[in-house]
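Here is a brief report on the model shown below.

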Amino acid sequence: METIDTITIDYQHYLTASEIAAIEHEASIMETREAAGIEALKVVQNHRGWVSDDSLYAISDLLAMPVAQLEGVATFYNLIYRQAVGEHVIHLCDSIACHLTDMNGVLEAIKQHLQIDYGQTTQDGKFTLLSNACLGGCDKAPVMMIGSMHYEQLTPDRAVEILQQLANQELPS
Amino acid sequence: MTENTVTIFIDDEPYQVSNTDNLLAGVLSQKLNLPYFCWHPSMGSVGACRQCAVTQFQDENDQHGRLVMACTTPVTDGMRISIKNESASEFREQIISAMMTNHPHDCPVCAEGGECHLQDMTVMTGHSAREYQGTKRTFSNQYLGELVGHEMNRCITCYRCTRFYNDYAGGKDFGVYGSKNQVYFGRQTDGALESEFSGNLVEVCPTGVFTNKVFSAHYTRKWDLQSAPSICSHCSVGCNLSIGERYGSVRRVMNRYNSEINGYFLCDRGRFGIGYVNSEQRIKQVKGIEQQSPLQLSALDVSKAFSHFRKKNFLGIGSARASLESNFYLKNIVGKDNFSAGYHNDEMQVAVQHSKILKQCKPESLTDIETSDLVFIVGEDITQTAPRMALSVRQALRNAAIDKASTMGIPSWQDSAVRTIGGTKLSPLFSLHSTSTKLDDVAEQALLSPVARISLCVQSLTNLLTSLKNSQLSHIEVEQKLAEYYQHQNHQRQLNTAEQNFVASLYQGICRAKKTTIITGTSLVNAELLADLAELVQCFQERDDINTPNLIVVPANCNSVGVLSLLDKHSLSVEQMLDKLPEKNNQQQDVYQGVIILEQELARCSHNQIQQLRASAKTLIVLDHTKQRLSEIADIVLPSTPVSEGDGHYINYQGRVQKFHQVHPPVLPVQESWRWLDMVADTLGIKVDSEVADNVDLSTPRNLNKQIKHVNKQETCQSLTQLHHFFADNYALWPQLIAAKAQQESKPVARMSHRASGRTSQMANIMVHEAKTTQKFDDSFSFSMEGASIKQTSDMPFTWAPGWNSNQSIGRYQEHINGPLQQQQKASFITFSTSLAENENWQESKDIAVNSSAKQNENCLNYVQQKNIYLSEQQAAMTPEFQLLKQSNCIFINANTALKAGVKNQQWCKLVFSATGENMQLVSQSVISQISILPNLPETLAFGNFSLCQSLSQEIEMKITLANDQEVTDYLSSYNDDILTAKASKESLLTRLKENDQTIPIRLVSGGLTDA
């Protein structure tokens, strides 16, 4: 029969102590354990860069919630990554204001510079390029977001410059 | 609909509408057309699809109005709305237009085509042109198991599937993923849907995302099906079904609305378990009767064969899955002293208690269960044995949240608001059983106990209720009282901490509850438990401050209660029957010629008992529709009909009398059991009690040697109606209600839709003439597209209304939304006598239970087999798709037991069960099984998914050792072989059915053998 074996991941073996502690803290301040789902996904993503299938099963085990429900939360939010991403994730805004202010030029320059398309990661694992529906900076369009930073009033040259700076930055260890 | 009725104006016309429901329900109740997707009559409103927009006006001077969603708008007195208003109708058209941008328009290859709610609503809005030029989003589909197909591209994101699967039915393995234009409904990974109610997705989905996989494999359009109103033959709830057939094979089962029972939903056993009627194992020929003509068996052949038996006595074994008529007939052919229901001694004791309870109080309907605010389920896993009832229990648990919302002014139909306010708040459910059940997750307390302890808990609750007159005591005080009662008892009769806590909480819950429902069943085969529960309910009557709960007993089969109504003090158990038969090689005069076995496989009989039966019965006559171990060893086999090919009545758990109608005529010589018995009766004669009504006067002592009149039947009964008249004329005991109800002088209702296609060419491979419609005597339905409209009857063969091709058309036939059908007749219920209880053989003996628990051995435990929705009912278990769902062996044991044996969770072990006591059938049995450790399981209890030939109350010794690799490999390969066999039989069945489509025989008359 074409069934797929149920995957059970024991959270205690999979998650680190600090992850478990952080998630337990979130769960303790919520009305129900599953309400901590979104925070738990963020915790794991902060530690591991993205949320793998195994991470998902481990969180669902820890919070005693159905994995289908947690997957619904994880896939709803575009800032939870369910696939491996690079060190820096570029969210380039493709809403109407950015289109009017030459977001396409910026996009082409980034693609050219990194040699990747939307949804791809550079070979060195530094950058992933994603589109984003409106970052809320229409008055300073075009806009992109990398990590927690918004970069506004971009030009093709400035965008490349920012990426070069980031690439040269040492990771704070 | 009286004090809540208000006047509203729809397009300036006044209408009387209930203000307890939303505007959409009000509009639809008036039989007006207003399109919708996300709203569902029993799931309420969420306002997700924006399809039911109407214009609401401030007052009669307001010309402009504003758009509102009818499903989220309450009905208020004097409100003015417009459906026809241009802005509203244009809005609705645009909504469809937007949905259609992603819909694939693959209607020709979609199983939903022709009964698609999306098609209906699209036409209703007037959207008729495809204007979108862009690309459509596409998805990959998932494998969701053998029952439900998945085609996500068709999705219009109405959210009904998840609202049903997760919110309504409590499923956990289904979800919604993504956002915006990329919303996906399905499981987290591929795999079979785990819910027992997954099949409802097929009807809940307004289009073809979820389809009936079995139906799709051998597909026909809805309008080409020949359907008849039927009753589910798989459990005692008696859900109403519409069974659809084409070219001689049953294609599918759909829900048939009944406001008091199943409403809009069925369980998967009911929907997909019909597969057995197409099985390869069906008996199609008689055995043991000499046939004169090579072409056909004639009635003369049968009477010749039976002429040897004239004036001979037979024993008769009826069955809880055969119709009431067949059982009644058999009882009167063999005589009541020679009749058995196929029950063993312990089952007879249970039957006594069950009939006493039914005599005392009438169990409530599923709709009534949904109004309870406390449910206590004891000794039955209803999710597996009466699944539709478990779905109703889940709705009852929502009452706490609905009450909370109503205090805040939120009506119950505001589904998402009520669920948000309610959060995890549930009305209390207490579960007390020997196996874990799916309802444990939503239970306030779920306690696992062996059956003797369950009884003890019930008894102590009774004690509390009779002795404590104060319902305001705190939990600790109640527990103290409990401890006091039992301090002088011996250790075995004392409650442990968990039990004490459970009973005390339950007592407090019951004191607070406005309406308590107690549900139990017969699957533990324990008469003491039923007696204790009856006593519990009795003692409520002495308490003025607490409402008396309703007690529901769930028996095993579709007609268990029907058979129960036929049992009397003369009825025999299987053991007694075997004793009556002469020993092998006994030369004494044979009292009995043999045994007539009606649709019964005697599943609980040991191999030895079956051999004894074979050896001691001179003639073994079996009537059944499918091959089984008794039909293999019988001298005469008479092929009978399953539910789809015959007429008859089943009595549900409440005693509700329900008729199932023939969907299509069987291929001769297959005919209903009662027709065979009618022919047999012509030769054997029937026995009519001269002392008329057995249960009229119970006070006078009866003469044991009473006269039994032999009646020689003159004519064959041609129809069920004739049979009922014959019964009614001869037997005071025959329930008159059926005979009175059966007569209806009206034009028969068509079994086919008036759009049935290919009517003139259906039989072209056999003859080019248009075949005459099959005639049937006294039938209230015709085998044709011609006949009265389905509107004429509450027993609708299928549902359809102009503009409404899907099952949602049922709203057109309800008095009001969720109300009874317009033609609904008052349900009839059967009455019970206590005659069975007069037989002293079946008096419960409490000593047995006490004794067995007293000599408790440390290594002994109770093993209980878990019930399974797919495989626990014999008929449904023959469906190949269900056999594919068989799980490998698994046993749940206590942590200490595992520790002692040195085994860990999920390890494969070899279990050796051996019996120590007397009267044990089981000597020693070894099973290879995976271990699951359950912390809260008592040490004296284990349960698993495999069967042991041992009775439930017996304690057995279990030795656990780790299985070696060879043993595990051998077991798994035999398990895989079973799965492969089921897969092969599924495929060969499909091939055969498709071939048969080309060669259906023509039957001009659907009577019995004598019809042509």
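B:Val503 is in contact with B:Cys457, B:Ser460, B:Leu461, B:Leu464, B:Leu482 and B:Leu495, leaving aside its neighbours within four places in sequence. Contact here means C-beta atoms, placed from the backbone, within 7 Å. This is a predicted model: local features need pLDDT of at least 70, side-chain atom pairs count only at pLDDT 80 or more, and totals for chains, interfaces and linings use all residues. Residues are numbered from 1 along each chain as its sequence is written, while chains are lettered from A and ligands numbered from 1 in the order in which they are written.

B:Val503 and B:Leu24 have the most contacts inside the largest nonpolar core, which has 273 residues. A nonpolar core is a set of buried Ala, Val, Leu, Ile, Met, Phe, Trp, Tyr and Cys residues joined through C-beta atoms within 7 Å. Buried means 20 or more other C-beta atoms within 10 Å of a residue's own. Helix α16 of chain B gives this core its largest share, 9 residues. Another core, of 20 residues, lies apart; A:Ile90 and A:Tyr151 are among them.

Helices (H or I, at least four residues) and strands (E, at least two) are DSSP runs, numbered from the N terminus. In helix α9 of chain B, 11 of the 11 residues are buried, so the helix is largely enclosed by the rest of the structure. Just after α9(B), B:Gly335 takes a positive phi of about 90 degrees.

An open sheet of 5 strands in chain B runs β14-β13-β20-β21-β22, with parallel pairing. Strands pair if DSSP finds at least two bridges between them.

| Edge strand (chain B) | Residues | Partners |
|---|---|---|
| β14 | 339–340 | a single partner strand |
| β22 | 636–639 | a single partner strand |

β13(B) and β20(B) pair over 5 bridges.

Conventions: A residue is buried if 20 or more other C-beta atoms lie within 10 Å of its own, exposed if 12 or fewer, and partly exposed in between; C-beta atoms are placed from the backbone. Two residues are in contact if their C-beta atoms, placed from the backbone, lie within 7 Å.
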